[in-house]
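Subject: Structure handover

Hello,

Here is the structure I promised you. Please open it next to this email and follow along.

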Amino acid sequence: MRVVLASWAWPSHLLPLMPLAWAFRAAGHEVLVATQPPLAGAVTAAGLPAAAVGSAMDHTRLLGSAMRPLHPDVTPAPAPAPAAAPGRRRRLGLSVRVAEDMTDDLARLCASWRPSLVLHEPTTYAAPLAAASLGIAHAPVLWGVNFHDAARAHEAEAFAELSARLGVDGFDSRGLVTVDPCPPSLQVPSAHPRLGLRHVPYNGPAVVPPWLRRPPGRRDRPRICLTWGVSPHWANEDEHARAVGQQHRLISALAELDVDIVVATPSRAAVDETRLPAGVRVVERLPLHLLLPSCDLMIARGGAGSMMTALAAGVPQLCVPQYVSDLMPAERLAATGAALSLGDTPTEPAAVRDAAALMLGTPSFSAAAARLRAEAEGQLPAAAVVRRLTAMVSGSGRPMGG
């Protein structure tokens with residue numbers, strides 16, 4: 001059958017779809033990955049066919065206006081949000097703007113290519129809207145803790161105009177089933193049918209550097225990975241500057257420990273390497289799924305991409321939330337025993353250093369991370385999920401495409 005996988009042009013949302021797309025291709029199905037033009041190259045770099053839908057929106061401006069820093073008193077004001085029509089964009093404003101940009105093109109693509117199934121990351125509402133308008137089966141593919149499930153209460157109002165224009169009655173973004181890579185003990189419970197998927201991290205293409213080829217257990221000191229993910233660096237200049245400043249302060253504090261520090265960043269320009277203590281390694285665009293298996297601890301915001309990659313590697317995590325959306329996933333991860341979360345109060349670098357030292361010296365964190373990894377690996381492999389989804393579509397009574 002034919003399958004469309006859709007995401008708007010934000011790497012953290014698009015890349016988690018790639019392993020499932022590969023699994024459909026390996027099973028002999030035809031696949032198209034639909035995204036806005038700026039990330040079409042990321043799809044083809046993953047060895048998959050891309051279909052550009054929508055436009056090259058100013059994603060930096062959009063995301064910068066939507067991100068909600070936990071400590072705005074120390075954060076420069078973000079760029080003003082684009083004007084919103086009264087009422088309908090009070091909730092899900094970013095998602096509505098993206099859906100307005102993508103939906104018509106995606107509906108035309110589906111009408112001409114005739115897929116049997118449309119899969120999408122959960123904030124790309126253009127996908128369920130286009131699929132519902134054409135009677136095509138659809139389902140979301142989560143990329144971590146489902147903190148956006150509460151948005152369902154606002155979908156009908158937020159997407160009323162688009163639904164009416166497309167002739168969609170009773171819009172529901174959940175579709176057939178929720179494909180979920182998050183281990184049940186970490187995930188938010190939901191009454192909607194769930195299809196557990198074994199998480200296979202994919203953080204982009206890369207060449208493995210020689211220093212990562214050394215056998216595990218040969219290092220003299222523990223290794224800490226510090227990463228803030230891509231969102232602060234790409235959101236806007238103010239968030240970029242704030243992230244850079246905080247990372248430098250944390251690096252200086254962590255260097256007081258007897259550890260190796262690897263700073264993973266989307267751009268070396270984000271780190272002033274002349275100011276770094278000796279022995280700190282900076283890596284640019286090195287996929288975390290290559291780096292984290294060599295690490296003893298990851299320090300991060302609590303973003304889904306970093307969190308799920310560390311989970312799959314069995315690495316304990318120290319969460320230092322920076323945005324409102326970081327809080328709930330960090331708290332749920334800490335409740336498993338595989339992490340500590342420093343919560344929603346401004347955190348001094350010395351407190352992060354002390355928490356890191358505590359975690360490195362407490363075996364229970366590594367043991368809990370290993371249990372969480374085993375739970376994640378106990379979920380269905382992608383090949384089995386492909387078979388389940390194929391059977392569900394075949395039995396749904398919906399017309400099969402190509």
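First, a term. Buried means under 20% relative accessible area, exposed means over 50%, and partly exposed is in between (1.4 Å probe, protein chains only). This is a predicted model, in which local features need pLDDT of at least 70, side-chain atom pairs count only at pLDDT 80 or more, and totals for chains, interfaces and linings use all residues. Residues are numbered from 1 along each chain as its sequence is written, and side-chain values use heavy atoms, leaving out hydrogens and water.

**Overview**

The protein chain has 402 residues, and 54% of them count as buried. It has 16 helices and 13 strands. Both are DSSP runs, numbered from the N terminus: helices are H or I with at least four residues, strands are E with at least two. The mean pLDDT (the predictor's confidence in each residue, from 0 to 100) is 88. Of the residues, 88% reach 70 or more. Over residues 73-89 the pLDDT is below 50.

**Thr-35**

Find Thr-35 in strand 2 (residues 30-35). Its relative accessibility is 0%, so Thr-35 counts as buried. What does it touch? Beyond its neighbours within four places in sequence, Thr-35 is in contact (heavy atoms within 4.5 Å) with residues including Ser-7, Trp-8, Leu-14 and Val-53. A polar atom of the Thr-35 side chain lies 2.8 Å from the backbone oxygen of Ser-7.

**Arg-301**

Arg-301 sits in the loop between strand 11 (297-300) and helix 12 (304-313). Is Arg-301 buried or exposed? Arg-301 is buried, with a relative accessible area of 8%. Its side chain makes a polar contact of 3.0 Å with the side chain of Asp-326. A polar contact is a pair of N or O atoms within 3.5 Å; within protein, one must be able to donate a hydrogen and the other to accept it, and residues adjacent in sequence count only if both atoms are side-chain atoms. The backbone oxygen of Trp-228 also lies 3.0 Å from a polar atom of the Arg-301 side chain.

**Helix 14**

The buried residues of helix 14 are Pro-349, Val-352, Arg-353, Ala-355, Ala-356 and Met-359. They lie on the same side of helix 14, because they cover an arc of only 165 degrees around the axis. That arc is taken from the directions from the helix axis to the C-beta atoms.

**Cysteines**

How many disulfides does a search of the whole structure find? Zero, where a disulfide is a pair of cysteine sulfur atoms within 2.5 Å. Cys-110 is buried at 3% relative accessible area. Cys-319 is buried at 2%.

Best wishes
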